[in-house]
Amino acid sequence: MSSPGQPIDDVNLLLSDANQHLACGADIDELLEQAADGYAGQFTSHQRDCVYCQAALREFGRVWEPVRSLAAERVAVPAALKGAVASQIRKLVADVRYTLQLNDGGAIRIAARVVARIAREAARDVPGVRVAFGRSSHSRMASLVERAALGHRHPNAAVGVLGRTAVVDLAIVAQYGDELDAVAREVQRRAVAELRRKVGLRDVTVNVTVDDVIT
Amino acid sequence: MARAGRLFRHGGGTVGSDVDDAYLVRRAQEGYVDAYADLVDRHGGLAYRVALRLLGNHHDAEDVAQEALVTAWQQLPGFRGNSSFPTWLYQIVTRRALNRITRTRVTESLDLLGDVSDAGAGPGQHAERDLTVDAVTAAVSALPPPQRIAIVLHHFEGLSNAEIALITGSSIPAVRSHLFRGRRTLSKTLAEWR
């Protein structure tokens with residue numbers, strides 16, 4: 001414990017290993033905690049009359065001011081972070097693609113996530129839809145058809161339609177009070193129309209799940 | 001405590017902001033990748049910020065934040081929701097940052113100058129601010145890892161001792177003890193600098 005006398009206002013003296021308490025008996029670590037948490041100026045009833053505590057709190061508060069100021073700064077997130085994460089996740093997720101056409105020039109494919117994205121954006125425009133997420137999976141049948149066609153490709157049948165079927169699942173959160181059945185049907189209708197218009201997919205199955213409502 | 005409750009603050013402005021983290025986690029677990037993209041939108045900043053404070057430089061922080069967010073995606077099927085998504089993410093980031101700390105010991109400046117809007121400050125103030133940021137960064141980076149983690153999570157992230165104990169798999173008294181020692185060391189270093 002510090003010996004009674006002048007209040008100490010030197011941090012290194014206050015925090016020397018032997019020191020656990022001030023001359024008044026106050027716990028030094030608790031005073032440091034108080035100051036570091038930003039409450040150096042909010043005295044307890046003891047501290048209001050204690051020159052030892054006040055000197056220590058003032059000094060600790062001064063030393064911690066730059067830390068508190070840095071901690072209060074907003075840290076800008078690098079713009080590339082989200083894209084980098086998305087790109088790595090794409091590599092991890094099975095890279096599913098729909099083959100739209102298989103002709104003599106080669107194959108034209110579109111990633112399933114693009115199909116899901118188009119359906120999701122269509123759903124988000126429907127009144128009554130608050131949140132929508134989309135996922136799409138390549139049907140097993142489509143991949144079998146593609147493999148078979150690649151093996152037995154006939155020049156005359158080159159410009160064909162193949163795998164123009166897609167299955168899209170949409171999970172939506174709807175506005176409470178709306179007619180959910182009508183909202184879901186409108187989501188289905190618009191998603192199908194958009195996929196036909198933008199991608200040329202013919203047989204589109206859009207499963208809509210209304211999994212929550214919010215007011 | 002300075003900023004209790006900040007852990008559960010949501011970033012606004014994303015399309016999915018009408019729904020809570022638990023909803024997004026469930027959808028992401030079902031394979032809706034865009035639901036996870038919304039979680040990254042909300043909490044990617046947390047991952048980067050903690051990594052930056054623990055590692056002391058942008059380059060490593062960006063790497064570690066990215067690794068942590070990809071790891072979280074990979075481990076999402078096993079996430080049972082016993083803690084909040086941010087708490088779980090804090091765990092992953094802290095662990096990955098710790099791995100990096102034990103591999104490398106070099107620390108550069110935080111140099112946040114370019115990233116922070118500070119329109120009122122003149123060149124002299126910028127230089128002084130740089131020195132302060134460098135001094136605090138160096139002092140934090142010089143702390144032994146357990147003290148550094150406790151100091152960063154409490155004094156920079158505003159988390160309670162209980163939250164830190166949960167994240168680090170430690171006990172509340174142990175967290176308190178790391179904080180006490182970390183504060184003493186940091187105070188002495190910064191007092192000498194001034």
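Guide: One term before we dig in: two residues are in contact if their C-beta atoms, placed from the backbone, lie within 7 Å. Keep in mind that this is a predicted model. By that contact rule, 64% of the contacts in chain A with a separation of 6 or more are between residues 24 or more positions apart. Chain A has 215 residues, and 33% of them are buried. Strand 1 (residues 97-103) and strand 2 (residues 106-111) of chain A make a hairpin, with 2 residues between them. They pair in the antiparallel sense over 6 bridges, and one of the pairings puts Arg97(A) across from Ala111(A) in strand 2.

Now for the close look, over in chain B. Helix 2 (residues 33-55) packs against helix 4 (residues 85-103) at an angle of about 35°, and their axes are 9 Å apart. The crossing of these two helices is right-handed. On the helix 2 side of chain B, the residues that meet helix 4 are Leu39(B), His43(B), Leu46(B), Ala47(B), Val50(B), Ala51(B), Leu54(B) and Leu55(B). Helix 4 brings Phe85(B), Pro86(B), Leu89(B), Tyr90(B), Val93(B), Thr94(B), Ala97(B), Arg100(B) and Ile101(B). Sort the residues of this contact by type and you get 14 nonpolar, 2 polar and 1 charged.

Technical notes:
Residues numbered from 1 in each chain as written. Chains lettered and ligands numbered in written order. Predicted model: local features only at pLDDT ≥ 70, side-chain atom pairs only at ≥ 80, totals over all residues. Axes fitted to C-alpha atoms, helices over the stretch in contact; angles between N-to-C directions. Helix = DSSP H or I, 4+ residues; strand = E, 2+ residues; numbered from the N terminus. Left-handed = near helix turned anticlockwise from the far one by under 90°. Nonpolar A, V, L, I, M, F, W, Y, C, P; charged D, E, K, R; others polar. Buried ≥ 20, exposed ≤ 12 C-beta atoms within 10 Å, placed from the backbone. Pairing = 2+ DSSP bridges.
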